[in-house]
Amino acid sequence: MRVGLALGLAALAAFPVTLAEPPNGLPGGPQGPPTAPNGPPPTTSFGCPEISPGPVSGYYLAEQFESPAVPDVTSIEAIRQTMALYALAIDGRNFEALRKVFTIDTRANYSDPIGVLNGVQAIIDTLPPGLANFASTQHHLGTQYIDICSPNSAVSVTYFQATHFFTPYNGVANPVDGSQVLIDRAQYQDVWARQGDGSWRITNRNLVRMGPAVLDGGAPLG
Ligand SMILES: *[C@@H]1O[C@H](CO)[C@@H](O)[C@H](O)[C@H]1NC(C)=O
């Protein structure tokens, strides 16, 4: 178990992505419960709640999202499937597959320390080195709201829990006090555009942390 912990800490030291300071001053972020933002809500475009470039507060999301009387279930399911494809690509280490999720000229703010990435190629180039420090990952998508605002535009918010495993699966459960995993809990705020072939891709993303990264050994990081 000591070896496992040492490996884990080595991986932590080498991995900048999930050890970021939580974003400051974000209503709904890790610093406290959601509060009403100052000033009027952003104006809308294409009938969508305006979450681009964002990020926007949790308070705003709950205020602006509507449940349409007749949801466009075909588009909603297409977007849900594409979100699932994102998790498969990341956890499967098939970064080229991210081209099926993001537009070429997408903008993605993965928050500190990665910050804003411009273009899908930047995502494909930037994410792998940090993830390579882990034996495997599992991105577990959860609570999700998908709002189709026009035939070709949509926004979504997807909670996720990303488990980063320090050691490969070997059939042995977590030792008593050594951490096996680092867990991030956050949300993706995404803006979508329907493409010429009918598929949906992300044109703008914000990764918004909802709490500190934690080790399964117990203590929050930092
Ligand atoms: C990126 O996201 C972080 C965390 O949500 C936020 O604090 C920051 O302002 C964003 N940066 C830009 C340039 O939009």
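Which residue is the bridge partner of R194 in strand 6? The partner is W200. The notes below concern a predicted model.

1. Overall make-up. The protein chain holds four helices and seven strands. Read from the N terminus, the order of elements is α-α-α-β-β-α-β-β-β-β-β. Of its 222 residues, 32% count as buried. Among contacts between residues at least 6 apart in sequence, 62% join residues at least 24 apart.

2. Strand 6 and its pairing. Strand 6 spans residues 200–209, and eight of its 10 residues are buried, so the description "mostly covered" follows from the count. Strand 5 (residues 181–194) runs antiparallel to strand 6, and nine bridges join the two. With strand 1 (residues 102–109) the pairing of strand 6 is parallel and extends over four bridges. On that side, I202 in strand 6 is the bridge partner of F102.

3. The hairpin. Strand 5 and strand 6 make a hairpin, with five residues between them. In the turn, G198 has a positive phi of about 95°.

4. Helix 3, geometry. Helix 3 covers residues 73–91, 19 residues in number. From its first C-alpha to its last it reaches 27 Å, close to the 27 Å expected at 1.5 Å a residue. Just after helix 3, R93 takes a positive phi of about 55°.

5. The buried residues of helix 3 are I79, M83, Y86, A89 and I90. They lie on the same side of helix 3, because they cover an arc of only 120° around the axis. An α-helix has 3.6 residues a turn, so residues three or four places apart point the same way. On the other side of helix 3, V73, T74, E77 and Q81 are exposed.

6. What helix 3 packs against. The buried residues of helix 3 pack against strand 3 (136–150), strand 4 (153–165), strand 5 and strand 6. For I79, leaving aside neighbours within four places in sequence, the contacts are I146, A154, S156, W192 and W200.

7. Nonpolar cores. The largest nonpolar core has 33 residues. Those with the most contacts inside this core are I79, L98, V101, F102, I123, A154 and W192. At least two residues of this core come from each of helix 2 (58–64), helix 3, strand 1, helix 4 (120–131), strand 3, strand 4, strand 5 and strand 6. Apart from it lies another core, of six residues, including V181, L182, A213 and L215. In soluble globular proteins, nonpolar side chains tend to be buried together.

8. A78, buried or partly exposed? A78 is in helix 3. A78 counts as partly exposed because it has 19 C-beta neighbours inside 10 Å, where 20 or more would be needed for a buried residue. The C-alpha atoms of A78 and R201 are separated by 9.8 Å, although the two residues are 123 residues apart along the chain.

9. A122. This residue is in helix 4. With 16 other C-beta atoms within 10 Å, A122 is partly exposed. A122 and I104 are 18 residues apart along the chain, and 9.7 Å separates their C-alpha atoms.

Definitions and conventions: Residues are numbered from 1 along each chain as its sequence is written. This is a predicted model: local features need pLDDT of at least 70, side-chain atom pairs count only at pLDDT 80 or more; totals for chains, interfaces and linings use all residues. A residue is buried if 20 or more other C-beta atoms lie within 10 Å of its own, exposed if 12 or fewer, and partly exposed in between; C-beta atoms are placed from the backbone. Two strands pair if DSSP finds at least two bridges between them. The expected span of a helix is 1.5 Å times one less than its number of residues. The arc is that of the directions from the helix axis to the C-beta atoms. Two residues are in contact if their C-beta atoms, placed from the backbone, lie within 7 Å. A nonpolar core is a set of buried Ala, Val, Leu, Ile, Met, Phe, Trp, Tyr and Cys residues joined through C-beta atoms within 7 Å.
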